[in-house]
Amino acid sequence: MSRDSRDRMLDELKQGVAGEGGMTDDMSHKKILVRGCDPVMAERSKGFLPPLLGNVQMQAATDDDTFFHLLEEQKYDAVVFAPGAVRHNAAKNPIPGGNKQSAGWSLKEYSAYVESKQGKDVPIVGSGEEREMVPVIRGALGMDGVEKGAHRKLEL
């Protein structure tokens, strides 16, 4: 993926904040886990997403070995599927970074796995549109006066 494409995607992520109003919620005690498919985008997003989400603690995984390990290691306040993963799923393609266990999985199977490791109370969210990600995650965390988990499930 080219730098220009990644820059465009990051700009769209930031555009999702424009209509969000006051960004004063302190979420530094909250933890999110993001499953993406592009290691460069994952690294870059760790630099700007947490401040847009009230300084939430964020971990990212771009392969299932890491993702599954992190799911077992600790409890998260939300598990997020990045736009690329959601788009791969919508196109009926495997999400890059899979392993033997997850071969052939769609987001339906990923969501069931996350729920089995994290519990039914942990929001599992995502969007295929970068500009929707910040509002979706903020809703999952109960920010901006939205009931926690308002964006509870992915559209599968």
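Which residues form one aromatic cluster? In this predicted model, the cluster is made up of F67, F68, F81, W105, Y110 and Y113.

The structure holds eight aromatic pairs, and one of them is formed by F67 and Y110, whose rings are tilted, with 6.5 Å from centre to centre and 55° between the planes. Because F67 belongs to helix α3 (residues 64-73) and Y110 to helix α5, this pair ties together parts that are 43 residues apart in sequence. Both partners are buried: F67 has a relative accessible area of 0%, and Y110 has a relative accessible area of 1%. The rings of F68 and W105 form a further pair, which is tilted because the centres are 5.7 Å apart and the planes stand at 45°. Since F68 lies in helix α3 whereas W105 lies in the loop between α4 and α5, this pair ties together parts that are 37 residues apart in sequence. F68 and W105 are both buried.

The loop between α4 (83-90) and α5 (107-118) also contains S102. The relative accessible area of S102 is 4%, and this residue is therefore counted as buried, the limit being under 20%. When residues up to four places away in sequence are not counted, S102 touches D64, F68 and Y110, and F68 and Y110 are among the members of the aromatic cluster described above. With D64, the side chain of S102 is also joined through a polar contact of 2.5 Å between the two side chains.

Methods: Residues are numbered from 1 along each chain as its sequence is written. This is a predicted model: local features need pLDDT of at least 70, side-chain atom pairs count only at pLDDT 80 or more; totals for chains, interfaces and linings use all residues. Side-chain values use heavy atoms; hydrogens and water are left out. Helices (H or I, at least four residues) and strands (E, at least two) are DSSP runs, numbered from the N terminus. Buried means under 20% relative accessible area, exposed over 50%, partly exposed in between (1.4 Å probe, protein chains only). A polar contact is a pair of N or O atoms within 3.5 Å; within protein, one must be able to donate a hydrogen and the other to accept it, and residues adjacent in sequence count only if both atoms are side-chain atoms. Contact means heavy atoms within 4.5 Å. Rings of Phe, Tyr and Trp (its six-membered ring) pair if their centres lie within 6.5 Å; planes under 30 degrees apart count as stacked, over 60 as edge-to-face and the rest as tilted.
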